[in-house]
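Here is a short tour of one structure. Keep the sequence and the 3D view open as you read.

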Amino acid sequence: MQDIKLNSNYKSKYGFNVKEDFVFKTPKGLNEDIVSQISAMKHEPEWMRELRLKAYSIFLSKPNPTWGGDLSKINYDDIYYYLKPADKEEKSWDDVPQGVKDTFERLGIPQAEREHLAGVKAQFDSEVIYGSLMAELEEQGVIFLGTDDALKKYPEIFEQYFGTVIPAADNKFAALNTAVWSGGSFVYIPKGIHVKRPLQAYFRINAMNMGQFERTLIIADEGSYAHYVEGCTAPVYSKDSLHSAVVEVIVKPGARFRYTTIQNWSNDVYNLVTKRARVEKNGVMEWVDGNLGSRLTMKYPSCYLVGEGAHGEVLSIAYAGKHQHQDAGAKMVHLAPNTSSTIISKSVSVLGGRSSYRGLVSVTPTANNAKCRVECDALILDAESASDTYPTMKIDNDTAQIEHEATVSKVGEEKLFYLMSRGLTEAEAMGLVVSGFIEPIVKELPLEYAVELNRLIELEMEGSVG
Amino acid sequence: MRTILIDKIPSKNIIEVSSSAQYVFDPKLLKGQDVVEVEFLFNTPGVTSEIIALYSCDELSPVKLRTSARHVARSTSCNTVVRAVLRDNSLSDYLGKIKIEKTAIDTSSFLDDAVLVVGKGTHTRSDPILEIEANEVKASHGSTTGRVDESMLYYLESRGLTRNEAEGLIVRGFFESVLGNIKEASVKNYLEPLLGIGEK
Amino acid sequence: MLLQINNLRVSIEDKEILKGITLKLGEGEVVALMGPNGSGKSTLAQTLMGNPAYTVTDGNALFDSQKLFSLEANERSNLGLFLSFQYPSEVTGVTISNFLRLIYNKKNNTKISPAKFRTILKEKLSILEMPEDFMSRYLNEGFSGGEKKRMEMLQMLVLEPKLAVLDETDSGLDIDALKIVAKAVSYLRQEKGMAVLIITHYTRVLQYLEPDKVVIMRKGIIVKEGDSSLAQELEDKGYAPFGE
């Protein structure tokens with residue numbers, strides 16, 4: 001929103017925001033040749049090329065989903081699927097090209113805070129071009145790489161786990177991602193290792209009509225713990241972009257993994273993401289998911305609780321502003337005894353925005369004594385905005401204990417009046433109420449993200465009242 | 001408030017709530033039909049209504065029920081209450097929607113759906129749905145599925161009841177808390193034996 | 001001997017709470033069981049009543065010459081054991097009047113009419129100073145702390161047990177409510193010779209129900225037994241002198 005000035009400064013013949021030094025770019029649209037070309041450019045093993053081609057045929061065979069948001073405006077032939085901006089991953093900050101640095105600056109990737117971060121991976125278009133990983137992590141045997149790099153360096157681990165949690169046939173967008181994926185993070189936490197500081201990654205889309213199809217694969221080995229944080233933001237475009245990521249997490253017995261996303265895509269982006277964790281015995285998976293921006297988000301982080309005593313959690317915030325539809329939620333599939341899960345969702349709709357909670361809780365006959373609690377609260381700030389709740393519960397076990405609650409409310413006038421009587425403007429009062437509403441989830445975020453999110457909400461409120 | 005027993009599927013699956021009333025589904029209808037689907041249409045301002053469905057499922061009589069409270073006119077209110085008891089190998093499939101149109105300001109609509117599992121091999125499908133297009137509204141739903149609470153059983157046993165008696169009492173109470181709100185005694189008397197909770 | 005507990009060890013989820021309790025209580029006797037939080041007093045009460053969450057790992061208990069631990073909670077109730085719960089369950093849809101009549105009929109192996117039961121109940125309600133319209137409410141649902149305690153006492157009056165275990169029935173009550181509880185207990189002591197095991201943190205309740213014996217528990221064992229003067233000693237010095 002504050003990018004207008006920079007945009008005019010960096011106007012290039014392509015109309016890109018920041019001048020791009022890409023070295024390779026596929027033509028618009030997708031066919032088997034382009035898929036093969038992507039694989040060849042990356043010097044991938046044959047199995048990956050075959051997998052991509054198979055996934056492409058699955059993508060073609062599946063229609064767009066008819067539920068969720070309006071996907072009819074996506075023109076798959078009008079999208080660039082692969083763009084390679086630089087030849088190799090940059091090793092140090094000084095080597096990063098100035099144009100890219102400028103973008104990072106605007107995004108606020110905190111160079112000064114770099115020492116506080118366990119590692120920084122920034123994705124600029126399709127390739128990981130900058131990464132740093134602290135020495136102590138390397139000593140512990142933690143692997144934190146760009147996914148393309150990981151395929152080259154750790155082909156065995158890669159082939160063993162890739163696509164096992166989310167097969168290409170899972171849904172149309174998982175198939176698309178499998179066909180054209182590029183970039184993303186690969187994380188391996190060895191047995192018993194506790195990574196104290198969050199692993200951070202930044203993703204963003206830069207080129208116009210550039211699809212971003214990053215692929216993240218995470219393996220938390222037995223008894224390990226780590227927290228992965230990604231923040232997403234993109235500049236404003238006039239044409240639609242497609243972001244369709246796949247994130248697979250494997251939580252081994254006794255391990256605990258937290259995956260935090262704060263996303264603030266520009267208003268043109270279709271954000272269609274599949275995120276799923278497979279949680280083994282006594283493992284814990286926590287998804288913390290903040291969805292702001294985008295034209296349409298369809299995203300339902302899931303936990304497949306396959307081991308006895310496994311626990312899954314989703315904490316979700318959705319903020320739907322003008323021309324935005326957040327169709328977000330969670331999926332908990334209980335497949336083993338004594339598994340438990342919690343879903344807490346808070347959504348805010350304003351200026352004609354629509355937020356929908358869509359969820360599934362499933363308990364299979366083998367999952368005795370499963371427990372699940374779901375809480376969905378929606379706040380509708382004005383008469384133009386809307387909210388939906390679509391939870392589905394499928395319980396095929398007579399010992400399950402399932403609770404679901406949802407409320408829809410507006411900001412009470414007496415509450416606003418009370419706050420304004422203490423000297424706050426209407427926007428400030430509204431912002432305070434909204435911040436309070438999402439506080440239970442915001443307090444789970446790393447501090448810098450919590451601060452950023454609250455600042456974003458304040459800005460949004462100024463635009464939405466009086 | 002009048003009490004109306006719904007003992008057959010209304011034409012076009014729609015009941016227009018033109019005056020305040022209490023609607024009670026006939027458990028025989030719920031068990032006798034493959035799917036029972038009824039939309040309650042609130043297009044008269046100011047009306048208020050209760051929708052009640054009570055049923056006890058066994059292996060031979062799965063229940064598939066879809067209700068929708070659709071609010072179009074202003075200042076209407078609705079309270080949907082569903083109570084199901086699941087016995088051995090039974091299925092309860094309930095979809096309960098609250099739809100509030102943009103025109104329906106000052107609506108209050110609530111849904112409360114509880115499934116009490118007493119048997120083995122049971123199946124529950126539960127889809128409470130909210131579609132809210134207006135903001136001057138109050139709407140919420142709650143849905144629970146679970147077995148009889150162990151600590152409650154123990155408490156009642158400590159007062160001298162056997163386990164079966166304690167469970168029977170809890171099932172009875174589970175229905176009774178809703179039956180107590182049915183205004184028309186004849187409807188209430190009609191339901192009790194169908195729920196298997198006639199006078200002890 | 002009405003109740004005889006020998007070397008009782010109890011665990012909850014593999015954690016041992018009671019580490020060898022031996023305690024006797026005679027017919028009509030009043031025993032006060034005192035101790036700080038977490039000493040295992042409530043565990044003892046719940047174990048006596050047969051809460052399935054607690055596992056007896058060793059020892060035994062005889063109540064009225066019957067082995068207690070092989071019996072279900074309802075069988076223990078039928079023998080004349082009553083526990084006033086610290087946190088009674090809320091049972092929706094079950095009216096108090098129906099519930100009390102049910103447990104009365106079972107206890108006395110009879111089937112009296114609602115009208116007749118109402119006259120029996122009237123006297124008991126007046127002891128507890130409870131209004132009659134209370135009876136149409138659901139069991140414990142939405143009750144305040146004080147109301148729940150009174151409801152427990154009302155059930156005790158209906159069941160007329162041989163031994164009432166009062167698990168912190170006095171806590172959270174104001175002085176008037178405490179007097180009412182004491183009145184209900186005293187009534188059954190006089191009329192039926194009921195024995196009482198009072199579990200409490202405070203000596204206040206003992207002014208109204210004078211104990212024959214005071215027992216002090218700490219960390220799952222009994223650290224001291226004495227007469228009612230022990231309670232006074234506690235009041236003056238606190239639990240510290242009774243530590244390990």
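## Helices that pack in chain A

In this predicted model, helix α2 (residues 32-41) of chain A packs against helix α3 (residues 46-61) of chain A at an angle of about 150 degrees, and their axes lie 9 Å apart. Because angles over 145 degrees count as roughly antiparallel, α2(A) and α3(A) are roughly antiparallel to each other. Their crossing is right-handed. From α2(A), the contact uses Glu32(A), Val35(A), Ser36(A), Ile38(A) and Ser39(A); from α3(A), it uses Arg49(A), Arg52(A), Leu53(A) and Tyr56(A). Sorted by class, the contact of α2(A) with α3(A) has 4 nonpolar, 2 polar and 3 charged residues.

Now take chain A as a whole. It has 11 helices and 23 strands. It has 466 residues, and buried residues make up 61% of them. What share of the contacts in chain A with a separation of 6 or more comes from residues 24 or more positions apart? The share is 83%.

## A proline in a loop

Look for Pro365(A). It sits in the loop between β20 (354-363) and β21 (371-380) of chain A. Is Pro365(A) buried or exposed? Its relative accessibility is 57%, so Pro365(A) counts as exposed. Pro365(A) still has contacts. Not counting residues up to four places away in sequence, it touches Asp396(A) and Asn397(A). Pro337(A) is 28 residues from Pro365(A) in sequence, and their C-alpha atoms are 9.4 Å apart in space.

## Helix pairs in chain C

Two packed helices are described by the angle between their axes and the distance between the axes.

| Helix pair | Angle | Axis distance |
|---|---|---|
| α5(C) and α6(C) | roughly 10 degrees | within 10 Å |
| α4(C) and α6(C) | about 135 degrees | 8 Å |

Start with helix α5 (residues 145-159) and helix α6 (residues 175-192) of chain C, which cross at roughly 10 degrees. That angle makes α5(C) roughly parallel to α6(C). On the α5(C) side, the contact residues are Arg150(C), Met153(C), Met156(C) and Leu157(C); on the α6(C) side, they are Ile180(C), Val181(C), Ala184(C), Val185(C), Tyr187(C) and Leu188(C). By class, 9 are nonpolar, none is polar and 1 is charged.

Next come α4(C) and α6(C), which pack at about 135 degrees. Here α4(C) is oblique to α6(C). The contact joins Glu123(C), Ser126(C), Ile127(C) and Leu128(C) of α4(C) to Ile180(C), Lys183(C), Ala184(C) and Tyr187(C) of α6(C). This contact has 5 nonpolar, 1 polar and 2 charged residues.

Helix α4 of chain C also holds Phe117(C). Its relative accessible area is 3%, so Phe117(C) is buried. Which residues does Phe117(C) contact, leaving aside its neighbours within four places in sequence? They are Ser97(C), Leu100(C), Arg101(C), Tyr104(C) and Ile112(C). Of these, take Leu100(C): 17 residues separate it from Phe117(C) along the chain, and the two C-alpha atoms are 9.0 Å apart.

## The nonpolar cores

In soluble globular proteins, nonpolar side chains tend to be buried together. The largest nonpolar core in this model has 112 residues. Which members touch the most other members? They are Leu156(B), Leu100(C), Met156(C) and Leu163(C). Leaving aside neighbours within four places in sequence, Met156(C) is in contact with Phe82(C), Pro161(C), Ala164(C), Leu166(C), Ala184(C), Val185(C), Leu188(C) and Met194(C). Another core lies apart from the largest one and has 82 residues, including Val187(A), Val195(A), Tyr23(B) and Val117(B).

Most residues other than glycine have a negative phi, and most peptide bonds are trans. Chain C has exceptions to look at.

Ser65(C) is not a glycine, yet it has a positive phi of about 70 degrees. Ser65(C) lies in the loop between β4 (55-63) and β5 (66-67) of chain C. It counts as exposed because its relative accessibility is 66%.

Glu129(C) also has a positive phi, near 55 degrees. Its place is the loop between α4 (114-128) and β8 (138-139) of chain C. With 48% relative accessibility, Glu129(C) counts as partly exposed.

Definitions and conventions: Residues are numbered from 1 along each chain as its sequence is written. Chains are lettered from A and ligands numbered from 1 in the order in which they are written. This is a predicted model: local features need pLDDT of at least 70, side-chain atom pairs count only at pLDDT 80 or more; totals for chains, interfaces and linings use all residues. Side-chain values use heavy atoms; hydrogens and water are left out. Axes are lines fitted to C-alpha atoms, for helices over the stretch in contact, and angles run from 0 to 180 degrees between N-to-C directions. Helices (H or I, at least four residues) and strands (E, at least two) are DSSP runs, numbered from the N terminus. Angles under 35 degrees count as roughly parallel, over 145 as roughly antiparallel, 65 to 115 as roughly perpendicular and the rest as oblique. A crossing is left-handed if the near helix is turned anticlockwise from the far one by less than a right angle, and right-handed if clockwise. Contact means heavy atoms within 4.5 Å. Ala, Val, Leu, Ile, Met, Phe, Trp, Tyr, Cys and Pro count as nonpolar, Asp, Glu, Lys and Arg as charged, and the others, Gly among them, as polar. A nonpolar core is a set of buried Ala, Val, Leu, Ile, Met, Phe, Trp, Tyr and Cys residues joined through side-chain atoms within 4.5 Å. Buried means under 20% relative accessible area, exposed over 50%, partly exposed in between (1.4 Å probe, protein chains only).
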